[in-house]
Amino acid sequence: MEQRLSAPMTELAATPMPNRFAQFYALTKPKVVQLIVFCALIGMVLAVPGVPSGAELLRMLVACVGIWLVAGAAAAFNCLVEQSIDARMKRTAWRPTARGELSNRQTLLFSASLCIAGSAILIIWINAITMWLTFATFVGYAIIYTVILKPLTPQNIVIGGASGAMPPVLGWAAMTGDVSPQALLLFLIIFLWTPPHFWALALYRVEDYRKSGLPMLPVTHGNYYTRVQVLLYTVVLFAAGLLPFIIQMSSWIYLVAAVVLGAGFFGYAFALWRNYSDALARKTFRFSLVYLSLLFAALLVDHYVTW
């Protein structure tokens, strides 16, 4: 592995361009970044009363590109820092850094280039507050979470979840130049969603995390304790999901979606608590993705239907 990581640039340059492009693209964790950009876009749309104008739509597009680039940079840096850990886990062993297909220098330059490009786009064409908040999110995920919290405490995903909950705030700031209580409410929903989402994954990947040496909750506190935490967080999340309706940020359309989706997530968590299986944990994890996507989509639909 060490020999592969230190392969000369001349050897790496011999790799066909499509394969090399795919390797760099994989470093950005496309599926994760897509969800980040989607949540940021929801924040942008909700910040604009009524139907966006052509100029506002262009602003949203530019902001999404900038946020995508910085988020991709954070993901690539994460792959660089955790390459030895990724190599020991089945879920991540395929990553180019874990396989030694990209050198540390290449990965670092790629991450830095994305971060600089994304930050430049945001500060030039959007506004300074969005750029600084996005850069702070990069630091929070790539440095504070990945380097400090993740190997230190089983509460890493709770504390580090603040970075992952920032996208709607970034989107809101991109369109308004400030951070409103509504944006912070969207932040709260994602912040509370992150632990049960991630711990459901960690439950059926517990052996992977045990081999990695990371103090993830199922490893340090066991399966049952983690299932209880997943259940409790879904209860709190259910309540938080009702807040947009309570503060009149949304109408009954969103309320119905929030109740149905919240009940569904709680149902999975309750079943997982009562009778654990890896298959059920996997279904809970997948439903958590559906939950967040549809909840924010419901906010979007409600925003236009009730306008």
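Which residues form one aromatic cluster? I found F77, W132, F135 and F138 in it. I took rings of Phe, Tyr and Trp (its six-membered ring) to pair if their centres lie within 6.5 Å, with planes under 30 degrees apart stacked, over 60 edge-to-face and the rest tilted.

Notes on the model. It is a predicted model, in which local features need pLDDT of at least 70, side-chain atom pairs count only at pLDDT 80 or more, and totals for chains, interfaces and linings use all residues. Residues are numbered from 1 along each chain as its sequence is written, and side-chain values use heavy atoms, with hydrogens and water left out.

Aromatic pairs. I counted 15 aromatic pairs by the ring rule. One of them joins F187 and F191, which are stacked at 5.9 Å centre to centre with 10° between the planes. Both residues lie in helix 11, four residues apart, about one turn of the helix. Helices here are DSSP runs (H or I, at least four residues), numbered from the N terminus. F191 has a relative accessible area of 23% and is partly exposed; buried means under 20%, exposed over 50%, and partly exposed in between (1.4 Å probe, protein chains only).

Helices 7 and 8. I looked up how helix 7 (residues 104-126) and helix 8 (residues 128-149) meet: their axes come within 7 Å and cross at roughly 155°. Axes are lines fitted to C-alpha atoms over the stretch in contact, and angles run from 0 to 180 degrees between N-to-C directions. The two helices are therefore roughly antiparallel, a term for angles over 145 degrees. Contact (heavy atoms within 4.5 Å) involves residues including C115, L122 and I126 of helix 7 and M131, F135 and F138 of helix 8. F135 and F138 also belong to the aromatic cluster.

Helix 16. The 23 residues of helix 16 should span 33 Å at 1.5 Å a residue, and the end C-alpha atoms are 32 Å apart, which agrees. The expected span is 1.5 Å times one less than the number of residues. Among the buried residues of helix 16 I noted Y254, L261, F265 and L272. Their cover includes helix 11 (181-204), helix 14 (223-241), helix 15 and helix 17 (278-305).

Positive phi. K29 has a positive phi of about 50° although it is not a glycine. I found K29 in the loop between helix 3 (17-27) and helix 4 (30-47), buried at 15% relative accessibility. Q248, also not a glycine, has a positive phi of about 65°. Q248 sits in the loop between helix 15 (243-246) and helix 16 (252-274), and at 72% relative accessibility Q248 counts as exposed.

Note on methods: Angles under 35 degrees count as roughly parallel, over 145 as roughly antiparallel, 65 to 115 as roughly perpendicular and the rest as oblique.
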